[in-house]
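The entries follow the order in which I looked things up.

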Amino acid sequence: MIVAAILAAGFASPALAQEDDAGNAKAGFRIEARAVYETPTVSSIAQNNDVYKVGSAVAWGGEAGFDVAVGSSFVVGPYVTFEKSSVEASDGIDTLKVKDNLGAGLHLGYAIGSKGQIYGKVGYAKLRVEAQSGALRATESGSGFQGAVGYEHGFGEQFYGRVEFGYGDNGRIGGINFQRRHAGVALGVRF
């Protein structure tokens, strides 16, 4: 899926991109700082439909992407994101920490007026967790689908702010299904 996103961005018609890029202020390379409130959960421990919250906390990170104009209102392009987590659950003896989340995929945006954009992201994410029991410590990762929707608002020519909501299904880590939900904000610059 990631390869398809990169190929789609790479094979976009140069003539179309040149023609439409001038009228699409949301196209180009972008980087942003992110802060999200995340809630990792686990499921299918005792039954098939059970869901348990690991904890909730703030994660910090960043995202980089390159959006290609597809008309005067649409953009599409690849992105990569990384967030360092602070979620931790402990019963006094055993501790589970969510270390970080690394994701990549395809970003799709539609301009709303001259400053706004609604967007969606679909991709692949890798969640890393650490379990500790006494002196024993192990770190494992799980990966799978991630998606998000959000709104972006421009401030001046290059700067923007975002509000985003997302979900990721990170597969099995240590035999347990992990998911991640997040709601966050971002401040970025587009070049």
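I took two strands as paired if DSSP finds at least two bridges between them. Helices (H or I, at least four residues) and strands (E, at least two) are DSSP runs, numbered from the N terminus.

I noted that this is a predicted model, in which local features need pLDDT of at least 70, side-chain atom pairs count only at pLDDT 80 or more, and totals for chains, interfaces and linings use all residues. Residues are numbered from 1 along each chain as its sequence is written, and side-chain values use heavy atoms, with hydrogens and water left out.

I looked up the partners of β6 (residues 94–112). Strand β4 (residues 74–84) runs antiparallel to β6 and is joined to it by 11 bridges. Strand β5 (residues 88–90) is also antiparallel to β6, with three bridges. For β6 and β7 (residues 116–133), again antiparallel, I found 18 bridges.

I then checked single positions. Leu102 of β6 is the bridge partner of Phe82, and Leu102 also stands opposite Lys126 in β7. Ser90 has Thr95 in β6 as its bridge partner.

I examined the turns next. The hairpin of β5 and β6 has three residues between the strands, and Gly92 in the turn has a positive phi of about 95°. Three residues also separate β6 and β7 in their hairpin, where Gly113 takes a positive phi near 70°.

Last, I listed what Ala57 touches (heavy atoms within 4.5 Å). Not counting residues up to four places away in sequence, Ala57 touches Val36, Tyr37, Glu38, Ser86 and Val87.
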